[in-house]
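Work through the exercises below with the sequence and the model at hand. Each task is followed by a solution in steps.

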Amino acid sequence: QVQLVESGGDLVQPGGSLRLSCAASGSIFSINNPMGWYRRAPGKQRELVAAITSGGSTDYADSVKGRFTISRDNAKNMVYLQMNSLKPEDTAVYYCNVVNRRTTFSGSYDYTALLSWGQGTQVTVSS
């Protein structure tokens with residue numbers, strides 16, 4: 001069974017930065033799995049923030065493009081989310097997951113989380 005443990009969340013002022021980490025372990029986890037960071041803000045549905053393939057190809061939600069960077073260390077089974085220029089609307093619980101990436105008819109990508117959700121890590125952006 002694959003386990004995903006998120007960490008790095010904190011209270012930060014607007015304009016600040018945080019780096020989230022996701023540690024993956026388990027017998028079926030493969031370095032070939034695409035990975036994604038999701039978030040769920042209070043009263044809202046969970047949304048994909050960023051995704052990365054095993055080869056390093058990345059995809060971002062429009063709301064975080066230019067501010068967030070997803071990366072991975074396949075040797076360590078780690079996935080990271082560097083978040084800069086944080087805004088109050090980035091306040092949410094952040095989760096990582098293994099994802100399936102599907103190419104749609106229009107040529108864009110559609111992502112589906114494959115595993116049960118972990119505890120997540122709380123990010124609060126407030127002055």
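A residue counts as buried when its relative accessible area is under 20%. The model used here is predicted.

**Exercise 1. Locate the disulfide, describe its geometry and state which elements it connects.**

Step 1. The structure holds 1 disulfide. Its partners are cysteine 22 and cysteine 96, with an S to S distance of 1.9 Å.

Step 2. The angle about the S-S bond is 60 degrees, and the link is right-handed.

Step 3. Cysteine 22 belongs to strand 3 and cysteine 96 to strand 9, so the bond ties together parts that are 74 residues apart in sequence.

Step 4. Apply the cut-off to both partners: cysteine 22 and cysteine 96 are buried.

**Exercise 2. Give the strand order of the open sheet formed by 4 strands, and name its edges.**

Step 1. The order is 1-3-8-7, with antiparallel pairing.

Step 2. Strand 1 (3-7) and strand 7 each pair on one side only, and these are the edge strands.

Step 3. From one strand to the next, the twist averages 15 degrees.

Step 4. Look at the pairing of strand 7 with strand 8: this antiparallel pair has 6 bridges. Across from valine 79 in strand 8 stands arginine 72.

**Exercise 3. Identify the residues with the most contacts to other members of the largest nonpolar core, then list the neighbours of leucine 81.**

Step 1. The core has 28 residues, and those touching the most other members are Trp37, Phe68, Ile70, Leu81, Met83 and Tyr94.

Step 2. Among the elements that give two or more residues to this core are strand 3 (18-25), strand 7 (68-73), strand 8 (78-83) and strand 9 (92-103).

Step 3. Leave out residues up to four places away in sequence. Leucine 81 then touches Leu18, Arg19, Leu20, Trp37, Val49, Ala50, Phe68, Thr69, Ile70 and Tyr94.

**Exercise 4. Is threonine 91 buried or exposed, and which backbone atoms does its side chain reach?**

Step 1. Threonine 91 sits in the loop between strand 8 and strand 9.

Step 2. Its relative accessibility is 19%, and therefore threonine 91 counts as buried.

Step 3. The threonine 91 side chain reaches the backbone oxygen of proline 88 at 2.9 Å. It also reaches the backbone nitrogen of valine 125 at 2.9 Å.

Step 4. With residues up to four places away in sequence not counted, threonine 91 touches Ala41, Pro42, Gln122, Val123, Thr124 and Val125.

Methods:
Residues are numbered from 1 along each chain as its sequence is written. This is a predicted model: local features need pLDDT of at least 70, side-chain atom pairs count only at pLDDT 80 or more; totals for chains, interfaces and linings use all residues. Side-chain values use heavy atoms; hydrogens and water are left out. A nonpolar core is a set of buried Ala, Val, Leu, Ile, Met, Phe, Trp, Tyr and Cys residues joined through side-chain atoms within 4.5 Å. Buried means under 20% relative accessible area, exposed over 50%, partly exposed in between (1.4 Å probe, protein chains only). Contact means heavy atoms within 4.5 Å. Two strands pair if DSSP finds at least two bridges between them. Axes are lines fitted to C-alpha atoms, for helices over the stretch in contact, and angles run from 0 to 180 degrees between N-to-C directions. A polar contact is a pair of N or O atoms within 3.5 Å; within protein, one must be able to donate a hydrogen and the other to accept it, and residues adjacent in sequence count only if both atoms are side-chain atoms. A disulfide is a pair of cysteine sulfur atoms within 2.5 Å.
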